[in-house]
Amino acid sequence: MTLTADTSRATLVRDLRRSDLVALTVNNVIGAGVFTMPAALAAGAGRASLAVLLLTLLLASMMALCLAEVASRFDRTGGPMIYASEAFGRNAGFFVGWLMYLSRLSAFGAIAVVMMNYGAGLWPVLADTTTRVVCITAIVVALAAVNVAGVVQGARMSSALALVKVIPLLVVAAAGVWMLGQPAGARPQAPVADLGGALLIAFFACMGFETGAVLAGEVRRPRRDVAAGILGGMACVAVVYTLLMIACLRTVPGLAHATRPLADAAAVALGAGGATLISITAVLSCAGTLTVMMLTTPRILFALAAHGDMPLVFASVNPARRTPAVAIIVSAVALWLLTVSGTFVYLATFSAMARLLMYGSTCAALIVLRRRDGAAPVVVPFGPALSVISILVAIAAIAATAGTAIRDLTIAVALGWALRVVLRNRRGPAPATV
């Protein structure tokens, strides 16, 4: 599978340092999911919330290491879709690419729900269902319009909002450190209710670590820095998330039912002003993430169509704006439908399942590529063992999930596959390049 962006890789410069990879990992992982994760974990895992979080962080770190090794073999863009195609063939590449698309659609909806929940703490009118639908519609239309207008506009909007994503990290981490030294004030927690679902919710908050691995071709010393950078970033994430979970467990009564757990915890630690600050930063952080997702999600559909795996109209480019306008509009409609019809837990679970399967394919690719092509430029110690463990844990987490999400993901994948088969039978083999 070859992408148009591949041809530009020769012009890229190896200028990323280990510290850059740490910062990149932290910035990509800590986003919207963290603002609702403590409550979702408490609802599903009860007293085992902290243990489930630590297990998830360990799993995410193992998968990140596998990604680092596989990514070091490639100089072109595409990430897991490319890895699956090279290791297992074009059909696998489509399967993983379609999972990437589905995971981003559902993640957008989950993040929008979090933004509305925290926004309701600032503007109570957002608690009304009709007002939420109107607001979500306005957001989707505005983001789609910006991206149809041009990729530069979308990127600039994304960059501007990304600047504020560091604020929640600093505020929440500081609050967690402060509350760690306070009297426990522990409240009894509910028993375990849905361990598999809780694991997937925690994993949703840990997603995004693949970005650093995909950029291995632009790292100054990839053999030394890729794995160290990703692990360093995940270590920072682990500290912040652990402090957050402890703080919420100690300070928020009825944590399992809280819609704004970090704001509630901040209200105890810092007063009403702290809750307001957390709510504002949560809204801004979610807005920045939504902007990035509206920029990138349609490009996955565009790439699938350009390779003959989706209707070619999705690969059309607006002649004036030079943007994939049809893919943007279709994706915007799908994003809107999922957002107004789902809840955070369902959407996050759906997205996490799709992402787990995607990461699992990369872990399997590590084993295949090692046997077929020998050692990678970046060799992760015990790589095959880590891959097998990651795959087994991912399968166990998915198997323990509520049947509705599994059913819906299966249907979505089957529909995508059926559409691909029909299209390929009608027009013959897809072009070798785009």
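Buried means under 20% relative accessible area, exposed over 50%, and partly exposed in between, with a 1.4 Å probe and protein chains only. Helices (H or I, at least four residues) and strands (E, at least two) are DSSP runs, numbered from the N terminus. This is a predicted model, in which local features need pLDDT of at least 70 and side-chain atom pairs count only at pLDDT 80 or more, while totals for chains, interfaces and linings use all residues. Residues are numbered from 1 along each chain as its sequence is written, and side-chain values use heavy atoms, with hydrogens and water left out.

**View 1. The whole chain.** The chain has 17 helices and zero strands. Of its 434 residues, 54% count as buried. Contact means heavy atoms within 4.5 Å. Among contacts with a separation of 6 or more, 83% join residues 24 or more positions apart. The exposed surface comes to about 17,400 Å², and carbon and sulfur atoms supply 69% of it. Accessible areas come from the Shrake-Rupley method with a 1.4 Å probe; for residues, only the protein chains shown count as cover.

**View 2. The largest nonpolar core.** A nonpolar core is a set of buried Ala, Val, Leu, Ile, Met, Phe, Trp, Tyr and Cys residues joined through side-chain atoms within 4.5 Å. The largest one here has 131 residues, and Phe 209 and Tyr 241 have the most contacts inside it. Helix α5 (residues 90-122) gives the most to this core, with 20 residues. Beyond its neighbours within four places in sequence, Tyr 241 contacts Val 29, Ile 30, Val 34, Met 37, Leu 53, Leu 57, Ala 205 and Cys 206.

View 3. Ser 106 lies in helix α5. Its relative accessible area is 0%, so Ser 106 is buried. The Ser 106 side chain reaches the backbone oxygen of Leu 102 at 3.0 Å. Not counting residues up to four places away in sequence, Ser 106 touches Leu 338, Leu 347, Phe 350 and Ser 351. Leu 99 also lies in helix α5. Leu 99 counts as buried because its relative accessibility is 0%. The C-alpha atoms of Leu 99 and Arg 355 are separated by 7.0 Å, yet these residues are 256 residues apart along the chain. Leaving aside neighbours within four places in sequence, the contacts of Leu 99 are Ala 354, Leu 357, Met 358, Leu 409 and Val 413.

**View 4. Helix α14.** The expected span of a helix is 1.5 Å times one less than its number of residues. For the 17 residues of α14 (residues 325-341) this gives 24 Å, and the end C-alpha atoms are 24 Å apart, which agrees. Buried in α14 are Ala 325, Ala 327, Ile 328, Ser 331, Ala 332, Leu 335 and Thr 339. These residues cover an arc of only 145 degrees around the axis, so they sit on the same side of α14. The arc is that of the directions from the helix axis to the C-beta atoms.

View 5. Phe 382 lies in the loop between α15 (344-373) and α16 (383-399). Phi of Phe 382 is near 60 degrees, a positive value in a residue other than glycine. Most residues other than glycine have a negative phi. Phe 382 counts as exposed because its relative accessibility is 69%. In α16, Gly 383, Leu 386, Ser 387, Ser 390, Ala 394, Ala 397 and Ile 398 are buried. They fall within an arc of 100 degrees seen down the axis of α16, so they line one face of the helix. Exposed residues Leu 392 and Ala 399 are carried on the face of α16 turned away from its buried side.

Methods: A polar contact is a pair of N or O atoms within 3.5 Å; within protein, one must be able to donate a hydrogen and the other to accept it, and residues adjacent in sequence count only if both atoms are side-chain atoms.
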